[in-house]
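Dear colleague,

I am handing over the structure below, and after it you will find what turned up when I went through it.

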Amino acid sequence: EIMFPFMEMLAKKTTSGISLGGAKYFNSALNYTFITNHRDIVLDASFLNLAFLRRGWPTCEVAIGNNLLIYDWITDLVKLNKCFIVKRNSSLREGLENAKNLSAYIHHTILDNKQSVWIAQREGRAKDSSDHTQESLVKMLALGGEGSFMESLKELNLMPVAISYEYDPNDYLKVREFLLKRRDPSFKKSQRDDLFSMETGLLQFKGKLHFQLTPRINTKIDQIGEFKDKNESAKAICRIIDQAIHRSYEIFEVNYIAFDILHNTTRFRRKYTAEQKEEFETYIQKQIEKIDVDNVTVEERNFMRELFLIMYSNPLKNKLRTILGDDFK
């Protein structure tokens with residue numbers, strides 16, 4: 001009654017439309033662990049749940065890192081919206097215990113509470129938009145179930161979901177972070193930076209958004225069988241998830257343009273117009289102007305421009321690598 005109209009308003013004001021593909025892979029009799037690439041701190045799961053609500057499907061519980069719970073009201077709001085907390089930055093012993101508890105809760109949610117779960121494929125967003133699943137995340141998911149490593153994962157009905165944003169409102173903040181780390185490798189974001197990233201992601205324009213569901217991976221788990229080594233098992237599962245996400249990206253004109261500019265090619269020139277290319281070049285310049293860093297050199301400005309091109313071309317590059325075997329350094 002409250003969040004659905006709010007999210008619809010947000011979608012109308014800040015996007016050019018949200019689409020959902022792969023509905024045929026969704027079975028209302030099952031509960032899933034939706035594992036996705038991570039673009040926006042708040043909206044990846046929120047807009048996915050919005051897409052579900054539009055179809056009359058149940059929403060999923062959402063994993064959120066405790067580093068984002070900067071104020072008490074944020075904690076209250078996310079818990080009211082079916083979020084559960086992932087504890088980060090703990091000691092090794094505490095980290096293992098936290099991972100066991102988290103995994104047990106996810107298994108309990110799916111098997112006993114009959115609720116689906118959303119979790120990102122990695123801790124934190126892929127700042128360069130090259131999405132890869134963390135082995136530690138897969139190992140965590142396998143801790144809480146019954147039977148072998150693979151049997152435990154099958155309990156969760158892992159369904160990879162590819163999220164594609166036409167424009168990332170936080171692109172210039174991610175580039176700013178890359179620049180500051182280039183200047184000082186020990187640079188770390190502040191809580192204020194995280195809060196501003198959440199605000200920017202929520203309120204600024206994102207263009208088109210697409211969520212692509214893919215088949216749950218249980219059949220592929222059966223095909224590859226068990227490994228003696230858990231590290232090899234985790235790597236194999238990561239490859240399956242990554243390939244499903246990479247081949248399922250929605251590729252927009254800006255991705256083709258960024259690829260051609262970055263690689264100095266005209267390979268995809270039929271996918272966009274000269275006007276669209278000029279508009280994207282202007283967009284990059286405007287985003288660079290937003291980066292509030294003093295004494296930026298010409299070399300650093302070129303570095304930032306290249307980062308924008310890498311960020312917007314990586315989804316296409318990963319899709320080409322997965323589908324065609326193309327490899328670009």
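By class, the lining of the second largest pocket holds 10 charged, 4 nonpolar and 1 polar residues (Asp, Glu, Lys and Arg count as charged, Ala, Val, Leu, Ile, Met, Phe, Trp, Tyr, Cys and Pro as nonpolar, and the others, Gly among them, as polar). Please note that this is a predicted model, in which local features need pLDDT of at least 70 and side-chain atom pairs count only at pLDDT 80 or more, while totals for chains, interfaces and linings use all residues. Residues are numbered from 1 along each chain as its sequence is written, and side-chain values use heavy atoms, with hydrogens and water left out.

Of the 15 residues that line this pocket, Leu 173, Arg 176, Arg 192, Asp 193 and Phe 196 lie nearest its centre; a pocket here is an open set of points on a 1 Å grid over the protein atoms alone, where a 1.4 Å probe fits, with protein on both sides within 12 Å along at least five of seven lines, and lining residues have an atom within 4 Å of a point. Helix H7 (171-183) and helix H8 (191-203) each supply at least two lining residues, and the largest share, 6 residues, comes from H8 (helices are DSSP runs of H or I with at least four residues, numbered from the N terminus).

Elsewhere, Thr 109 lies in helix H4 (residues 92-111) and counts as buried because its relative accessibility is 0%, buried meaning under 20% relative accessible area with a 1.4 Å probe and protein chains only. Thr 109 touches Glu 61, Lys 114, Gln 115 and Val 117, leaving aside residues up to four places away in sequence (contact means heavy atoms within 4.5 Å).

With kind regards

How values were computed:
Buried < 20%, exposed > 50% of the residue type's maximum accessible area, 1.4 Å probe, protein only.
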